[in-house]
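Student: Please take a close look at one part of this model, the place where the two chains meet.

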Amino acid sequence: MEKKYVKVMVEIDENGNKKPKTITFNNHEYEIDKVLDMKKAVSMKVGGIGERYTVRINGHETYLYFENNKWFVESH
Amino acid sequence: MGRFILHSDLNNFYASVESLYNPNIRNKAVVVVGDEEKRHGIVLAKNYIAKSYNIKTGDTVWEARQKCAEELVCVPARFDLYLYVSRLVKDIYREYSDKVESFGIDEAWIDISHLAKTYEDAVAIANNIRTRIISEIGLTVSIGVSFNKVFAKLGSDLKKPNATILITQDNFRDVVWKLPVEDLLYVGRATSKKFERARIKTIGDLANTDIKYLKLTLGKMGVVLHDFACGRDTSPVESIHDKEKIKSFGNSTTCPVDLVSNTEVKSIIYMLAESVAERMKKKNYYAHGVSLWVKDTDLCSFERQMQLSSPTNISEDIAKNCYKLFLDNYDWQLNVRALGVRVTNLTTGKMQYDLFESVNNFEKKQKLECAIEKLRERFGYDIIRRGNILVNQSLSSLNPHSDIHIIHPIGFFKAK
């Protein structure tokens, strides 16, 4: 498993809350159906600390992390 | 109302951060080392597996490899990353209290007297902080819970990793007094030798020693340490608001080679002073005092300070006085491994000139230094250097902007 930095389109509301809308992974853009949860968490699998967004993409749940102004996923 | 103080200590901080960010090395013996090329190649931190091979902080990489029966993973230190993680951890502490006082990059006191009514409450808060740091940061901490800072710190050292230790007014004689006196905050090597001569072996022995005798042998510090041993420490946890006020500027460096002469020490002091003075000028601060920190090749260190006749932010004034402190206090029993320069007792705003130094002279020096700083800003640090730094090729490779660390544990007494 590796730490893969990804491009993310984000909507930021008037209070500064971030809502990721799409992620680009291996040159494919994926739409995020829903953000299910957000909390501060560590990724022990690939090593990283930040805000962990639990997102649903095409019916699959996955984690998307925001760490030090960059986004990453735990990639197989 | 009683005080409830926590002292939280991140276990094996540098090595734990490296293991966190690199899952492949988690089950191996890991040491974090300085730059081998610049001869900072000593062990700065190690994980528990490396520790089990008796690898110690300060060992050279070569020594550490000799001791380790399995493959030893040596990773270079990444101070930026450690500072980033340290900040995230301290943000968690600040959710509980605005009285959070850092003690180095990996330790902090937290005053939770406003949240806890009993020791049970305080322990529950400590456990909550520990759990959060594991799930949010992926690191473990040991937390001491007590009624003063000294015992809280002692508690955090008692059980590692990932533990909460409670020291109360009722149990401190049982828990603390049997411990070796060296475990007490501010009992260093020199003090420890004096205690040895006086047959003071445990903290309990110290508490039961006649205070007049301690004053005679150790001076004021003897009284302070006796108070610590008896649980009489009323020093407050510094609030984060106090912290925002700048109290000192300091820079230190481990030299690429051990320093063997006064000339070499002088070169490094000038380099450190330049870097300190540059930061002072940017923030328009003047110092009334300077202090010099010296570490020898046995990793034994001391700090000496002096007051100045008039405030300054000129590197030459800072360096000249620090060099004097060095000459007055170092006996050259051993060579010098690391040096630090710090300025204290700061004022800001308009400068009051020394009666005997002309305004023109001071301003002339200041203009010259500003010109040098501007040159360096535009063309890089190496564009202009002092002649004395060129005497030793290894030293001239030192660049204060990348090699000097502004990571100082804030002294227990200095913080007050």
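How many residues does the contact take from chain B and from chain A?

Tutor: This is a predicted model, in which local features need pLDDT of at least 70 and side-chain atom pairs count only at pLDDT 80 or more, while totals for chains, interfaces and linings use all residues. Residues are numbered from 1 along each chain as its sequence is written, and chains are lettered from A in the order in which they are written.

The contact takes 11 residues from chain B and 9 residues from chain A; two residues are in contact if their C-beta atoms, placed from the backbone, lie within 7 Å. On the chain B side, two or more residues come from each of α1 (13–21), α4 (79–94) and α5 (119–137). Helices (H or I, at least four residues) and strands (E, at least two) are DSSP runs, numbered from the N terminus. That side of chain B divides into 7 nonpolar, 3 polar and 1 charged, where Ala, Val, Leu, Ile, Met, Phe, Trp, Tyr, Cys and Pro count as nonpolar, Asp, Glu, Lys and Arg as charged, and the others, Gly among them, as polar.

Of these helices, α5(B) lies across β5 and β6 of chain A, running at about 110° to β5(A); angles run from 0 to 180 degrees between N-to-C directions, with axes as lines fitted to C-alpha atoms, for helices over the stretch in contact.

Both strands belong to an open sheet of 5 strands in chain A, ordered β1-β8-β7-β6-β5 with antiparallel pairing; two strands pair if DSSP finds at least two bridges between them. β1 (2–5) and β5 (34–43) of chain A stand at the edges with a single partner strand each, so one side of each has no neighbour in the sheet.
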